Amino acid sequence: MAAAVSSIGIMDGAYFVGRGEILHWINATLQLSLAKVEEAASGAVQCQLMDMVHPGVVPMHKVNFDAKTEYDMIQNYKVLQDVFNKLRIVKNIEVNKLVKGRPLDNLEFLQWLKRYCDSVNNGIMNENYNPVERRSKGCKERGSKGSNKSSKSLQANRLSGGDSADGGPGVGKVCNTFAEEHYIEQIQQLSEKIADLKVSVDSMEKERDFYFSKLRDIEILCQRPELEHLPMTKAVRKILYAADAKDSPLPDANDIISKSPGLFSDEAE
């Protein structure tokens, strides 16, 4: 079922569900009060919707409902992508577009997600699911893990600085510890940025291959013997084979069509 839903076409009925219906569904399901679809751009809502239909699969402690920066939002989408991978859901998440808060992109993704959620258990909601409790529990777990890391770091610094309180050997150890933690944090941030860039490149390559295949289909069609002599075919090939990227070949293509006798005779009559 997951594969079938992930491959629905743009003309599927799922993409004709209006914003109002999507917002009502989200607010009623998760007990939220979203006023715009772009308010779900952080990816947290999508993670919790998956948590609702697949209990225990989403690590809610990693979901940040307070995400404001694109960096924090991307982390939420990483959680969502991991969930998709676990469930073998083949769906390309266009993270770069979603985190920009573009209404149409977010609406289309939520329309797809609603269709998916409706396909699980025939759309029957888990009556025992408490969305508010799941959100608060995730926030508490995330907060406790963060405080544990901070307390451990402070304890390590205190221990390393115990040799001297007035600038003895311990001071150098504390400075080294801070420097190491700073560099480790920088390395982690850079590694995550590299991973994000790889996701962006993969997405761009898929989009490039998609449009290239379309152009190749058009080229093959133009090479058919019964079509290649037609003015329209010549005009299309003029555009396809244009070598100069600066000057548009469209005027020349239009010129080929306009100079073809009888091409628009039926329209003129």
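Hi everyone. When I say contact today, I mean heavy atoms within 4.5 Å. And please keep in mind that this is a predicted model.

Let's start with G101, which sits in the loop between α5 and α6. What does G101 touch once its neighbours within four places in sequence are left aside? The partners are E38, A41 and N106.

Now to the core. The largest nonpolar core has 42 residues, and those with the most contacts inside it include I26, F84 and W112.

Setting aside neighbours within four places in sequence, I26 is in contact with Q31, L32, L34, V45 and L110.

The axes of α2 and α3 are 11 Å apart, and the packing angle is about 60 degrees. Angles of 65 to 115 degrees would count as roughly perpendicular, so α2 and α3 come out as oblique to each other. The crossing of α2 past α3 is left-handed. On the α2 side, W25, I26, T29 and L30 make the contact, and α3 answers with V45, Q48, L49 and M52.

Last stop, residues 180-207. An unreviewed UniProt entry annotates them as "coiled-coil region". In the model this stretch is 100% helix and 0% strand, and its end C-alpha atoms are 41 Å apart.

Thanks, and happy to chat!

How values were computed: Residues are numbered from 1 along each chain as its sequence is written. This is a predicted model: local features need pLDDT of at least 70, side-chain atom pairs count only at pLDDT 80 or more; totals for chains, interfaces and linings use all residues. Side-chain values use heavy atoms; hydrogens and water are left out. UniProt positions are given in the numbering used here, feature names are shortened, and annotations may be inferred rather than shown by experiment. Helices (H or I, at least four residues) and strands (E, at least two) are DSSP runs, numbered from the N terminus. A nonpolar core is a set of buried Ala, Val, Leu, Ile, Met, Phe, Trp, Tyr and Cys residues joined through side-chain atoms within 4.5 Å. Buried means under 20% relative accessible area, exposed over 50%, partly exposed in between (1.4 Å probe, protein chains only). Axes are lines fitted to C-alpha atoms, for helices over the stretch in contact, and angles run from 0 to 180 degrees between N-to-C directions. Angles under 35 degrees count as roughly parallel, over 145 as roughly antiparallel, 65 to 115 as roughly perpendicular and the rest as oblique. A crossing is left-handed if the near helix is turned anticlockwise from the far one by less than a right angle, and right-handed if clockwise.
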